[in-house]
Amino acid sequence: MPDDTRARQRTGTGLGLLLALVLGAVLLTALPGDENREDDCRARTVTSWAADRGVTDEFARYGDDASRADDWTGGDGTHSVRLPDGRVLWLFSDTFLGQVHRPPNPVGESYAWRDTTAPMVRNSAVVMDDGRLKRTLPAPMFADPAPGQWRWPVAARVEPRSPGSSEQVVRVVLWTRTTGAHPWIYGVPTATEVATLSLPGLRLEGITRILDQRRVKDPARRVLFGTTALTHDDDWTYVFGGNDARAAARPASDAYVARVPRGRLADPAAWRYWDGERWSIPSHMKPVLGDGERKGVGSAFTVARDGGTYVLFTMAAGTEGLTTIASYWACSPTGPWHGPGKGFSPPLPEQRAGVAAYNPQVHPAISRGRLVLSYDVNWLDASGGAAAQANLSRNVSLYRPRFVTLRLGPG
């Protein structure tokens, strides 16, 4: 394996999402007929936020536990879904396994650390029960589809095995990416897939390709779908996606939306894409948000519901996208989307120089009446090489999710 390829594989999706600004997506279930309802929709924005130490500390506790060498010690691409029995399944993209050592680290700093030879896998899954992280499923959860390709899990939700079925399964939306040259050093967008997991055992039953983008010649125009799942009793699942325009040096990328009947996420023939006027075929889809400059999305984004209002959270456009989360609101998944509203900057580690935030995600699975949002943290290294690897290893807290609780108010 060439040295540059090995370095890219060990740097983590954080830099891919952050520096290549791989566009995210949102898996969103709406209320029946809700796409055109505006009776209780009103402008919303973030009015206050507070660090959620409980969930953040639980991931630190689990990651620092040195009792096993094959479990999760750090990762990014944080997503979650509540299972019917009350457990929560957490999904991650690039993940460190191995063991964590107590401080001081080898250079005398007061950080917990891991060896630079610690294994990294492309994806992982961790099970939480009663608020405690219990175990890491065998990793990687989703095998590479081919040499030079890999899968990152994004959205997940529980749905009927088929429409009307009483049997439930977990559907996990996957991004497939392929090794590429600059500016695609963190992977060329390739396809959207959906995996099916059995319940309650979480056994992988199969993976279906939903949208193949290899025939789209310009990688910056390829669209990948899926990120966060919000579950309601409903006939439709709305799936937001985006292109990789920011990897091509644009300040912001474009958001798209598709919809799928409940119980058919793993059926590519059931997906329909918004073309600006109606639900249509993939080649006709058009953005619902993004002007390439001030308005748009970057890295992975997420959507929440507040009454009749849809609220989208994303890293801000331009250089503020390294630290600041912005929001938009709409009365329908298809828009029009209003904003961006005033942003907020969640806390970063004490070791702030060279550190950035990315990938905001809402977590209904643990919200319990609150609005809980996670964000990932990583070390900035435009080369995607050994410097990032060394810094993530000498301070393990840099590559773990952090959580905040938000309060929304009039926009």
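Close-up 1. The model is predicted: local features need pLDDT of at least 70, side-chain atom pairs count only at pLDDT 80 or more, and totals for chains, interfaces and linings use all residues. Residues are numbered from 1 along each chain as its sequence is written, and side-chain values use heavy atoms, with hydrogens and water left out.

**Close-up 2. The largest nonpolar core.** A nonpolar core is a set of buried Ala, Val, Leu, Ile, Met, Phe, Trp, Tyr and Cys residues joined through side-chain atoms within 4.5 Å; buried means under 20% relative accessible area, exposed over 50%, and partly exposed in between (1.4 Å probe, protein chains only). The largest such core has 26 residues, of which F313, L371, L373 and L406 touch the most other members. At least two residues each come from strand 21 (309-315), strand 23 (355-362), strand 24 (371-379), helix 5 (386-394) and strand 25 (402-410). Helices (H or I, at least four residues) and strands (E, at least two) are DSSP runs, numbered from the N terminus. Strand 24 supplies the largest share of this core, five residues. Another core, of 22 residues, lies apart from it and includes V173, V239, V260 and W271.

**Close-up 3. The open sheet 20-21-22.** Three strands make up this open sheet, in the order 20-21-22 and with antiparallel pairing; two strands pair if DSSP finds at least two bridges between them. Strand 20 (302-306) and strand 22 (325-330) are the edge strands, each pairing on one side only. On average, neighbouring strands of this sheet are turned by 25° against each other, direction ignored; axes are lines fitted to C-alpha atoms, for helices over the stretch in contact, and angles run from 0 to 180 degrees between N-to-C directions. Strand 20 and strand 21 run antiparallel and are joined by five bridges. The bridge partner of V303 in strand 21 is L312.

Close-up 4. Four strands in the order 4-5-8-9 form an open sheet with antiparallel pairing. Its edges are strand 4 (79-82) and strand 9 (132-136), each of which pairs on one side only. Five bridges pair strand 5 (residues 88-92) with strand 8 (residues 124-129) in the antiparallel sense, and L89 has V127 in strand 8 as its bridge partner. Five of the six residues of strand 8 are buried, so strand 8 is largely enclosed by the rest of the structure. Helix 3 (residues 53-64) lies across strand 5, strand 8 and strand 9, running at about 40° to strand 9.

**Close-up 5. The hairpin of strand 8 and strand 9.** Strand 8 and strand 9 pair in the antiparallel sense over four bridges. D129 stands opposite R132 in strand 9. Two residues lie between the strands of this hairpin, and D130 in the turn has a positive phi of about 55°.

Key
Contact = heavy atoms within 4.5 Å.
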